[in-house]
Amino acid sequence: MKRIPTNIITGFLGAGKTTSILSLLARKPEHEKWAILINEFGNVGVDGAILEQQGAIIKEVPGGCMCCVAGLPMSVGINALLAQKPDRLLLEPTGLGHPKEVIHKLTSESYRNYVDLRATITVVDPRHFADSVYTDNVNFQDQLALADVVVANKIDQCDDFDLYTFQTAMEKTEPKKALIAEVEHGRLELEWLDIERTDRQAQHSHHHHHGHDQTEPLPELELAPGQQFIRKENHGQGYHSCGWFFAADQLFEFSKLFSLFSNLSANRIKAVVNTKNGCFAFNVVNQVVSVNELSLEGFESRIEVIDNEILPWDELENILCSITANTVAK
């Protein structure tokens with residue numbers, strides 16, 4: 001088979017990776033079939049449902065597994081997607097992920113005859129470059145170090161100091177990046193995907209610690225008869241996640257859910273939710289809520305909350321359950 005053009009789209013929590021991939025999918029050549037391997041830190045898999053709307057072939061590796069040294073879940077996912085003979089393969093590691101092992105896997109003897117690994121693209125929020133919570137994080141540092149292309153996203157939300165801090169940091173990078181760009185709404189250009197990859201060195205060793213067995217893929221989420229939701233937790237690299245997977249007949253009250261997300265102090269919230277008003281994707285960064293309507297039907301709602309502290313998950317669960325209404329099929 002021909003070698004499949006492949007890119008890694010990386011970036012820290014809330015930088016806009018999924019939005020960037022959605023932007024690319026919206027403008028891809030109509031005759032091309034794209035495949036995407038998605039890795040999320042949480043265990044309920046929100047991004048796959050959002051990206052599937054654009055007609056891509058999706059495979060998910062939840063639970064922060066894809067960057068692990070063992071890498072079995074990643075290999076299983078890549079093999080399944082390559083079997084579909086896509087025209088392009090994109091990999092989206094978790095925002096807490098380290099791209100070093102992903103690059104190593106894709107350039108190994110197992111894949112070099114099947115995968116044509118091109119530029120690694122790192123999406124960043126320029127506002128993070130003045131915050132030591134990000135700049136001191138080893139994954140943030142290595143996502144930048146291993147990037148061929150660095151894209152400053154959300155520049156419409158940045159002031160001059162934010163952009164100056166970002167540009168100053170980029171001037172210091174060695175070796176120089178193939179491209180440094182500034183965009184709004186994650187608008188990556190298609191031609192950036194074909195920039196050649198350069199061998200680059202990470203600044204740190206790869207040490208991940210997760211709350212589950214890293215060598216086996218996580219089982220598919222499935223509700224037992226009469227079960228209304230499943231809760232899944234994960235932790236690692238100083239962060240904690242809690243996710244809920246709700247039955248399709250559980251309809252949330254949109255306004256109350258929006259209010260909850262707006263007032264919940266968490267680093268990151270992602271959700272695809274059935275409401276009385278339809279199905280919506282919620283994206284929350286620093287209590288700023290973005291909402292997009294989706295054309296999904298009969299879909300199990302998924303809500304994922306990530307923070308560097310253990311939040312009162314039981315209390316949050318009770319609130320979520322209180323703003324749903326069970327609809328029984330006639």
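The radius of gyration is taken over C-alpha atoms, and the rule for a globule is 2.2 Å times the number of residues to the power 0.38. With 330 residues, a compact globule would have a radius of gyration near 20 Å; this protein has 19 Å, which agrees. Its C-alpha atoms fill a box of roughly 60 × 50 × 40 Å, taken along the principal axes.

Before we go on, a word about what you are looking at. This is a predicted model, in which local features need pLDDT of at least 70 and side-chain atom pairs count only at pLDDT 80 or more, while totals for chains, interfaces and linings use all residues. Residues are numbered from 1 along each chain as its sequence is written, and side-chain values use heavy atoms, with hydrogens and water left out.

Let us start with the whole protein. Its secondary structure comes to nine helices and 15 strands; helices (H or I, at least four residues) and strands (E, at least two) are DSSP runs, numbered from the N terminus. The accessible surface comes to about 14,800 Å², and 47% of that belongs to carbon and sulfur atoms. Such areas come from the Shrake-Rupley method with a 1.4 Å probe, and for residues only the protein chains shown count as cover. A residue is called buried under 20% relative accessible area, exposed over 50%, and partly exposed in between (1.4 Å probe, protein chains only). Of the 330 residues, 54% count as buried. Contacts tell you about the fold too: a contact means heavy atoms within 4.5 Å. Among contacts between residues at least 6 apart in sequence, 74% join residues at least 24 apart.

Now pick out helix α9, residues 313–322. Which of its residues are buried? They are Trp313, Leu316, Glu317 and Leu320. Seen down the axis of α9, these buried residues fall within an arc of 100 degrees, so they line one face of the helix; the arc is that of the directions from the helix axis to the C-beta atoms. An α-helix has 3.6 residues a turn, so residues three or four places apart point the same way. On the face turned away from the buried side of α9 you will find the exposed residues Asp314, Glu315 and Asn318.

Leucine 25 sits in helix α1 (residues 17–27) and is buried, with a relative accessible area of 4%. Leaving aside residues up to four places away in sequence, leucine 25 touches Trp34, Ile36, Leu51, Gln54 and Ala56. Alanine 56 is 31 residues from leucine 25 along the chain, yet their C-alpha atoms are separated by 7.7 Å. In helix α6 (residues 138–145) look for glutamine 143, which is buried at a relative accessible area of 1%. With residues up to four places away in sequence again not counted, the contacts of glutamine 143 include Thr10, Phe12, Thr94 and Thr122.

Aromatic rings are next. A pair of aromatic rings is described by the distance of the centres and the angle of the planes. Rings of Phe, Tyr and Trp (its six-membered ring) pair if their centres lie within 6.5 Å; planes under 30 degrees apart count as stacked, over 60 as edge-to-face and the rest as tilted. By this rule there are 13 aromatic pairs. One of them joins phenylalanine 246 and phenylalanine 252 edge-to-face, at 5.0 Å centre to centre and 85 degrees between the planes. Phenylalanine 246 is buried, at 1% relative accessible area, and phenylalanine 252 is buried at 0%. Elsewhere, ring pairs link Phe12, Phe129, Tyr134, Phe140, Phe166 and Tyr239 into a cluster.

What about cysteines? A disulfide is a covalent bond between the sulfur atoms of two cysteines, counted here when a pair of cysteine sulfur atoms lies within 2.5 Å. The count comes to zero disulfides. Cysteine 242 is in none, and the nearest cysteine sulfur, that of cysteine 321, is 11 Å away. Cysteine 242 is buried, with 0% relative accessibility, whereas cysteine 321 is partly exposed, at 31%.

Finally, visit some loops. Proline 175 lies in the loop between α7 (160–171) and β7 (179–182), and the peptide bond to it from glutamate 174 is cis, with omega near -10 degrees. Lysine 85, in the loop between α3 (72–82) and β4 (88–92), has a phi near 55 degrees, a positive value in a residue other than glycine. Lysine 85 is exposed, with a relative accessible area of 61%.
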